[in-house]
Amino acid sequence: MSGKGGTGKTTVAAALALALAEEGKRTLLVEVEGRQGIAQLFETQALPYEERKIAVAPGGGEVFALAIDPELALLDYLQMFYKLGSAGRALRKLGAIDFATTIAPGVRDVLLTGKACEAVRRKDRGGRFVYDYVVMDAPPTGRITRFLNVNDEVAGLAKIGPIHNQAQAVMRVLKSPETAVHLVTLLEEMPVQETADGIAELRAARLPVGRVIVNMVRPQVLDAADLELVGSVSRSAVARSLSSTGLGGARRGGHAERLVEPLLAQAEEYAERYALETEQRAVLAELDVPLHELPLLAEGMDLAGLYALARKLRGQGVS
Ligand SMILES: Nc1ncnc2c1ncn2[C@@H]1O[C@H](COP(=O)(O)OP(=O)(O)OP(=O)(O)O)[C@@H](O)[C@H]1O
Ligand SMILES: [Mg+2]
């Protein structure tokens with residue numbers, strides 16, 4: 001799940017994981033930015049670098065969560081490929097781990113995508129996949145293609161050996177139809193433009209584009225006929241209607257007249273925003289990707305809201 005910053009990547013990733021669990025699937029929700037956004041959403045303690053069950057869905061499925069720590073992931077790898085053991089700790093003391101995970105460009109992303117792909121491919125003793133789905137709360141649109149493609153660069157740099165093989169295995173997962181990069185957007189110009197650019201970049205890199213989820217959609221309060229009237233409606237007619245419904249008092253010169261201007265100003269504002277949203281919807285329709293919408297939860301986000309969004313995703317066949 002990618003998208004412009006602040007559009008709801010973390011929220012929608014979590015809602016998708018819940019939606020999948022409600023269908024009985026075992027799902028891993030992965031965080032890579034070290035922000036503990038998932039723990040916050042599920043109202044639990046900070047997640048360690050360890051897969052933890054954070055929700056059981058009515059459908060019997062489960063959501064596990066993992067906040068990938070690049071340093072620990074690197075130690076994992078060194079252990080896996082080079083059986084470093086305590087030498088890994090020595091490297092850490094020397095600052096080599098810090099160097100690799102924070103300074104060497106790309107290494108961090110190799111570790112993060114590598115760990116997620118390991119979870120995707122992991123099987124239990126009986127040879128069955130441990131997770132039916134892995135949902136990643138991924139970096140924002142501006143960085144997503146580079147982030148997912150970094151292993152291509154690595155495979156090119158390390159021509160043979162375990163690192164080359166590992167990088168190729170990761171790319172095989174990421175470029176396969178098993179993977180889908182979903183993008184979250186708002187019905188606003190900037191995020192929609194980023195979505196369009198992001199899709200073009202992903203397609204150019206041959207990464208599988210999934211769906212676009214329009215988040216925080218506001219309810220439509222005026223229909224087409226009402227919208228036509230905005231700007232041309234007679235003020236006295238509005239005042240009369242208000243009075244006749246008992247709003248602002250029935251008496252002539254009561255509050256009704258004072259309500260008219262602010263109400264009409266609101267209607268105009270709404271009509272303007274609606275026109276802008278309609279434009280953005282048209283831009284999104286051009287992208288040739290399945291579109292879904294999630295409502296703006298007026299009460300703000302909480303766990304109940306998260307489950308409500310998960311239901312909406314299921315209702316639209318996203319999961
Ligand atoms: N449908 C919604 N209704 C109401 N509030 C929402 C909705 N979706 C997200 N939010 C709120 O919007 C804010 C941003 O959401 P979120 O943190 O998921 O975005 P993000 O894209 O992950 O942000 P960042 O780029 O900072 O990681 C949060 O406060 C979240 O609770
Ligand atoms: Mg986030």
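Before the details, a word on conventions: the model is predicted, so local features need pLDDT of at least 70 and side-chain atom pairs count only at pLDDT 80 or more, while totals for chains, interfaces and linings use all residues. Residues are numbered from 1 along each chain as its sequence is written, chains are lettered from A and ligands numbered from 1 in the order in which they are written, and side-chain values use heavy atoms, with hydrogens and water left out.

Let me start with the sheet, where helices (H or I, at least four residues) and strands (E, at least two) are DSSP runs numbered from the N terminus, and two strands pair if DSSP finds at least two bridges between them. Four strands form an open sheet in the order 3-4-2-5, with mixed pairing. Strand 3 and strand 5 are the edge strands, each pairing on one side only. On average, neighbouring strands of this sheet are turned by 25° against each other, direction ignored; here axes are lines fitted to C-alpha atoms, for helices over the stretch in contact, and angles run from 0 to 180 degrees between N-to-C directions.

With strand 3 (residues 52-56), strand 4 runs antiparallel, joined by four bridges; R52 is partnered by A65, and A55 stands opposite V63. The hairpin of strand 3 and strand 4 has five residues between the strands, and in this hairpin G60 takes a positive phi near 95°.

Is strand 4 buried or exposed? Buried means under 20% relative accessible area, exposed over 50%, and partly exposed in between, using a 1.4 Å probe and protein chains only. Six of the six residues of strand 4 (residues 62-67) are buried, so the strand is largely enclosed by the rest of the structure. In a regular strand the side chains alternate between the two faces of the sheet. Here both faces are covered, with E62, F64 and L66 buried on one side and V63, A65 and A67 buried on the other.

F64 and Y131 form an edge-to-face pair, 5.8 Å centre to centre with 70° between the planes. This pair links distant parts of the chain, since F64 is in strand 4 and Y131, 67 residues apart from it, is in the loop between helix 6 (107-121) and strand 5 (133-137). F64 is buried at a relative accessible area of 11%, and Y131 is also buried, at 5%.

Finally, the helices. The axes of helix 7 (residues 141-157) and helix 8 (residues 162-174) come within 8 Å and cross at roughly 145°. Helix 8 also contains Q166, which counts as buried at 13% relative accessibility. The C-alpha atoms of Q166 and E118 are separated by 9.8 Å, although these residues are 48 apart along the chain.

Notes. Phe/Tyr/Trp six-rings, centres within 6.5 Å; stacked < 30°, edge-to-face > 60°.
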